[in-house]
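Please look at the sequence and the 3D structure together before reading on.

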Amino acid sequence: MIDEVTEADAEAIAGLYNPYVLNSRVTFEIDPVTTAGMAQRIRSVTPSYPWIAWKEEGQLLGYAYLARFRSRAAYDHVAESSVYLHPEATGKGIGTALYRQLLELAPGYGISRIIGVIALPNEGSERFHATLGFSRAGVLEGVGCKFGELIDTLGAPFALNSDS
């Protein structure tokens with residue numbers, strides 16, 4: 001059910017993601033992403049970070065990936081996490097399974113810290129991240145602006161080991 005994402009998944013991923021872009025504050029993206037744009041993202045992320053998807057009977061029900069947190073070399077061991085689910089897939093453990101797989105894959109990519117960045121308010125995402133071991137680190141007030149509103153974000157870090 002969990003598989004690595006390839007460029008062939010770009011259309012399905014864009015189709016799953018774009019309703020979040022258009023109708024929610026969980027992503028600060030404003031414009032829908034084209035299939036070509038998503039394929040480019042996949043090409044740029046997958047050489048350095050894991051991007052995985054949950055599929056059932058050929059249908060994409062969710063995906064999750066890690067990506068560069070910051071561009072400075074001192075952050076090379078840190079990644080930002082993202083997960084998106086088809087509305088019919090929520091509450092079935094798919095997001096948890098995807099995130100657990102990312103946590104297992106991360107050390108193989110040289111990642112020892114993962115940051116979940118949560119647009120607030122979002123109690124469900126905060127609970128989800130806490131259940132997986134992410135801690136509440138701090139709120140950045142008004143850093144996003146979408147639908148004419150300033151939006152706060154919560155940084156929720158996860159340490160894969162205590163030695164790094």
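**A residue and its neighbours**

Leaving aside residues up to four places away in sequence, Ser82 touches Tyr63, Ala64, Tyr65, Tyr99 and Leu102, where contact means heavy atoms within 4.5 Å. This is a predicted model, in which local features need pLDDT of at least 70 and side-chain atom pairs count only at pLDDT 80 or more, while totals for chains, interfaces and linings use all residues. Residues are numbered from 1 along each chain as its sequence is written, and side-chain values use heavy atoms, with hydrogens and water left out.

- Ser82 has its place in strand E4 (residues 78-85); helices (H or I, at least four residues) and strands (E, at least two) are DSSP runs, numbered from the N terminus.
- Ser82 counts as buried because its relative accessibility is 14%, given that buried means under 20% relative accessible area, exposed over 50%, and partly exposed in between (1.4 Å probe, protein chains only).
- Glu88 is placed in the loop between E4 and helix H3 (94-105), and at 58% relative accessibility Glu88 counts as exposed.
- Between Glu88 and Ser112 there are 24 residues of separation in sequence and 32 Å in space, taken from C-alpha to C-alpha.

**How H1 and H2 pack**

- Two packed helices are described by the angle between their axes and the distance between the axes.
- Helix H1 (residues 10-23) packs with helix H2 (residues 35-45) at an angle of about 110 degrees, and their axes are 8 Å apart; axes are lines fitted to C-alpha atoms, for helices over the stretch in contact, and angles run from 0 to 180 degrees between N-to-C directions.
- That angle makes H1 roughly perpendicular to H2, because angles of 65 to 115 degrees count as roughly perpendicular, those under 35 as roughly parallel, those over 145 as roughly antiparallel and the rest as oblique.
- On the H1 side, Ala10, Glu11, Ile13, Ala14 and Tyr17 take part, and they meet Thr35, Met38, Ala39, Arg41 and Ile42 in H2.
- The residues of this contact of H1 with H2 divide into seven nonpolar, one polar and two charged; Ala, Val, Leu, Ile, Met, Phe, Trp, Tyr, Cys and Pro count as nonpolar, Asp, Glu, Lys and Arg as charged, and the others, Gly among them, as polar.

**The buried side of H2**

- Met38, Ala39, Ile42 and Val45 are the residues named as buried in H2.
- These residues cover an arc of only 135 degrees around the axis, which puts them on the same side of H2; the arc is that of the directions from the helix axis to the C-beta atoms.
- The cover over the buried residues of H2 includes H1, E2 and strand E3 (59-68).

**Salt bridges**

- Side chains of opposite charge can pair when their charged atoms come close.
- Searching the whole structure gives seven salt bridges, a salt bridge being a side-chain nitrogen of Lys or Arg within 4 Å of a carboxyl oxygen of Asp or Glu.
- One of them joins the side chains of Lys55 and Asp9, at 2.6 Å from N to O.
- This pair links distant parts of the chain, since Lys55 is in strand E2 (residues 51-56) and Asp9 is in the loop between strand E1 (2-4) and H1, 46 residues apart.
- Lys55 is partly exposed, with a relative accessible area of 26%, whereas Asp9 is buried at 9%.
- Another salt bridge brings together the side chains of Arg136 and Glu126, at 2.4 Å from N to O.
- Arg136 lies in the loop between H4 and strand E6 (138-146) and Glu126 in helix H4, so this pair ties together parts that are 10 residues apart in sequence.
- Glu123 also forms a salt bridge with Arg127, with the closest N and O atoms 4.0 Å apart; both lie in helix H4 (residues 123-131), four residues apart, about one turn of the helix.

**Backbone details**

- Most residues other than glycine have a negative phi, and most peptide bonds are trans.
- Glu57, in the loop between E2 and E3, has a positive phi of about 50 degrees although it is not a glycine.
- The peptide bond from Leu120 to Pro121 is cis, with omega near 0 degrees.
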